[in-house]
Amino acid sequence: MDIIVQGGQVLSGEITPSGSKNSAVCIIPATILFDKPITLKNIPNITDVTRLVTTLENLGSKIVWDKENKNLTIDNSKLIYDRVSKENVGNMRGMSLLWGPMLSRFGKVEFEELPGGCTLGIRSLGPHYDAFKSLNVDIKSTSRSVSMDAKKAKSTTMWLTEMSPTVTENAIMLSVRLKGRTTIVGAASEPQVQDLCKFLSAAGAKITGVGSSVIVIEGVDVINPPSEYEILPDHYEIATFLALGAATGGRIRVNNAIPELFVHINHVFSQFNIDIKYEKGVAIVESDQKIKIISENNQTLNVKAQPWPGLPVDMLPLFIPIALASKSGSVLFHNWMYESGLFWTSELVKLGANVIMADPHRVIINAGNESMGAKLEAPYIIRAVVAMTMCAMIAKGETIILNADALYRGHPKFAENLKRLGAKIEEIK
């Protein structure tokens with residue numbers, strides 16, 4: 001899919017974010033733990049969810065997806081064990097989140113192909129294996145496949161080798177039904193991890209330390225799902241709508257904005273002279289805010305992704321168009337996690353942007369150049385394509401973004417939602 005974006009736009013209006021992609025792709029696998037039906041609410045209609053639904057159906061799940069009302073009813077009572085084929089895995093890193101609950105329910109896992117993902121760079125599965133080995137899971141892996149045996153799995157105190165949300169989630173999902181106490185040190189605390197813990201707690205799991213870097217799980221023999229559970233709104237999409245309003249100079253109100261999750265994110269906005277206000281949970285970016293890069297002694301501003309509660313690494317690209325919209329100044333963007341996470345910024349040079357690749361993890365954006373429409377090649381990185389769209393909106397003329405399919409891994413009805421805010425954007429499929 002390609003998209004055509006007209007430049008010089010001002011987006012304004014009110015919008016409601018979809019359900020959290022990251023919550024959905026861990027909570028849907030977590031339903032494997034149950035042999036009773038559950039209805040998940042606020043589920044986004046995105047390709048990652050579609051792939052998970054297909055995989056579970058292939059394992060015997062009975063699933064009814066009411067896309068209009070965003071409800072997903074899952075009945076895993078007749079779920080059977082089978083190896084997961086390479087056709088099911090595809091380019092979706094989140095497929096690894098099947099491992100924890102499958103090990104808990106079936107005591108084993110076989111993947112013919114290892115999960116892929118965005119073209120961000122090398123994302124080792126080693127931390128997942130390390131966590132499972134700490135729980136006494138036997139693992140046999142190759143460069144392309146993996147099999148695991150959890151027959152001798154037992155609770156323990158583990159130190160994660162990487163503060164990863166997916167590793168933390170996998171460890172939690174296996175541990176909730178292991179006898180004894182499991183302590184996860186160095187746990188991730190992102191909103192989706194908290195959402196998973198809240199979901200499992202509603203099912204009878206005993207989890208403490210949620211939102212901290214030390215999570216303690218007291219194993220229970222039986223957990224039963226609540227009849228329904230509503231996942232969090234997507235904080236990435238909330239930030240995207242706010243960034244779109246700020247970059248284009250419009251006034252946007254975002255409903256269900258969860259202000260308590262945005263303390264540090266709002267601080268990053270403030271470094272560009274952008275003020276985000278809240279009215280009873282509605283986030284508001286006012287129109288005509290003068291974007292300005294604020295730094296000490298006119299030095300280069302450093303915007304660095306950090307583990308939660310810092311700026312999420314996947315949110316970093318949203319601030320690059322905002323930097324380009326400034327009249328002057330320089331910003332060093334630092335993606336410490338992925339060595340290919342910023343290579344796409346070289347495409348922005350086609351728009352006239354002054355971009356300097358400092359090294360694989362850092363890029364310098366020098367503001368002040370006038371942007372003109374061009375033809376861009378999108379990477380398979382969700383927020384990078386969003387950032388390209390933002391850059392196209394503040395440029396003059398028309399921009400064509402080729403191969404923009406990654407958008408729909410994280411943003412349902414992306415173009416439709418932007419049109420509701422007044423955007424001139426067209427999809428070509």
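## Helices α4 and α5

At what angle do helix α4 and helix α5 pack, and how far apart are their axes? In this predicted model, the angle between α4 (residues 99–106) and α5 (residues 126–134) is about 30°, and their axes lie 12 Å apart. Angles under 35 degrees count as roughly parallel, and α4 and α5 are therefore roughly parallel to each other. Their crossing is right-handed.

Which residues meet here? From α4 come Trp99, Gly100 and Leu103, and from α5 come His128, Tyr129 and Phe132. Sorted by class, this contact of α4 with α5 has 4 nonpolar and 2 polar residues, with no charged ones.

## Helices α8 and α11

Let's turn to another pair. Helix α8 (residues 235–248) packs with helix α11 (residues 382–394) at an angle of about 15°, their axes being 10 Å apart. That makes the two helices, α8 and α11, roughly parallel. The crossing of α8 and α11 is right-handed.

On the α8 side, Tyr236, Thr240, Ala243, Leu244, Ala247 and Thr248 take part; they meet Arg383, Val386, Met390, Met393 and Ile394 of α11. The contact of α8 with α11 has 8 nonpolar residues, 2 polar and 1 charged.

In soluble globular proteins, nonpolar side chains tend to be buried together. Here, the largest nonpolar core has 77 residues, and Phe272, Ile322, Phe333 and Leu348 have the most contacts inside it. Apart from this core lies another, of 70 residues, with Ile28, Phe34, Val109 and Leu174 among them.

What does Leu348 touch, leaving aside residues up to four places away in sequence? Its partners are Ile320, Leu324, Ala353, Val355, Met388 and Cys391.

Conventions:
Residues numbered from 1 in each chain as written. Predicted model: local features only at pLDDT ≥ 70, side-chain atom pairs only at ≥ 80, totals over all residues. Heavy atoms only, no water. Axes fitted to C-alpha atoms, helices over the stretch in contact; angles between N-to-C directions. Helix = DSSP H or I, 4+ residues; strand = E, 2+ residues; numbered from the N terminus. Parallel < 35°, antiparallel > 145°, perpendicular 65-115°, else oblique. Left-handed = near helix turned anticlockwise from the far one by under 90°. Contact = heavy atoms within 4.5 Å. Nonpolar A, V, L, I, M, F, W, Y, C, P; charged D, E, K, R; others polar. Core = buried A, V, L, I, M, F, W, Y, C linked by side-chain atoms within 4.5 Å. Buried < 20%, exposed > 50% of the residue type's maximum accessible area, 1.4 Å probe, protein only.
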